[in-house]
Amino acid sequence: MNILVIDGQGGGIGRALVEKLKSAVPSARVTAVGANATATAAMLRAGADAGATGENAVKVACRQADVIVGALGIVLADAMLGEITPGMARAVGASTAQRVLIPVQRCGTQIAGVQDAPMAQRIEEAVRAVAALNA
């Protein structure tokens, strides 16, 4: 299973996802793509098998992924203070990969029916969802 983790800004959500996914799905290859170099570096330090930065890296990695994981903003053009370009959002949305998205209220988008929860809990839920896909 090829898991793609996409993050931006400081890479904190991506870092936590990579750490937990490497533990929960040890046979998976985890690729980290950051919208910026800081996010990519944080995910690589967390143990990602490979990493790259920027729009073209997102486009290429989305074509190779079985599962894409990240904050809700990775499918919203101009999210993360503009770091997610329309091309990035389109690549994630058009990918044939299964997407596991974490609802984040800071994206200017709310999902009805989603209860407020600490980020750590949402990350754990995302990791469980990815692990279930591998079962």
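Me: What makes a residue count as buried here, and what share of the residues of the protein chain does so?
Reply: A residue is called buried when its relative accessible area is under 20%, and exposed when that area is over 50%. In this predicted model, 47% of the 135 residues of the protein chain count as buried.

Me: What is the pattern of helices and strands along the protein chain?
Reply: The protein chain has five helices and five strands, and read along the sequence they follow the pattern β-α-β-α-β-α-β-α-β-α.

Me: Why is Thr40 called buried?
Reply: Thr40, which lies in helix α2 (residues 37–45), has a relative accessible area of 5%; the cut-off for buried is under 20%, and Thr40 is therefore buried. Leaving aside neighbours within four places in sequence, Thr40 is in contact with Ala32, Val33, Gly34, Gly51, Ala52 and Thr53.

Me: How do you know that the buried residues of α2 line one face of the helix?
Reply: The residues concerned are Ala39, Thr40, Ala42 and Met43. Seen down the axis of α2, these buried residues fall within an arc of 160°, so they line one face of the helix. On the other side of α2, Ala37 and Arg45 are exposed.

Me: What covers the buried residues of α2?
Reply: The cover includes the strands β1 (2–7), β2 (29–34) and β3 (50–53), together with the helix α1 (12–24).

Me: Why does Ser23 count as exposed?
Reply: Ser23, found in helix α1, has a relative accessibility of 59%; because exposed means over 50%, Ser23 counts as exposed. Between the C-alpha atoms of Ser23 and Asn36 the distance in space is 25 Å, while the two residues are 13 residues apart in sequence.

Me: How far apart in sequence are the residues that contacts in the protein chain join?
Reply: Among contacts between residues at least 6 apart in sequence, 68% join residues at least 24 apart.

Me: What is known of the surface and the charges of the protein chain?
Reply: The accessible surface comes to about 6400 Å², and carbon and sulfur atoms account for 50% of that area. As for charge, the mean position of the 12 positive charges and that of the 10 negative charges are 3 Å apart.

How values were computed: Residues numbered from 1 in each chain as written. Predicted model: local features only at pLDDT ≥ 70, side-chain atom pairs only at ≥ 80, totals over all residues. Heavy atoms only, no water. Helix = DSSP H or I, 4+ residues; strand = E, 2+ residues; numbered from the N terminus. Buried < 20%, exposed > 50% of the residue type's maximum accessible area, 1.4 Å probe, protein only. Contact = heavy atoms within 4.5 Å. Areas by Shrake-Rupley, 256 points an atom, 1.4 Å probe, with all protein chains shown as cover. Lys, Arg positive; Asp, Glu negative; His and termini not counted. Charge placed at Lys NZ, Arg CZ, Asp CG, Glu CD. Arc of directions from axis to C-beta.
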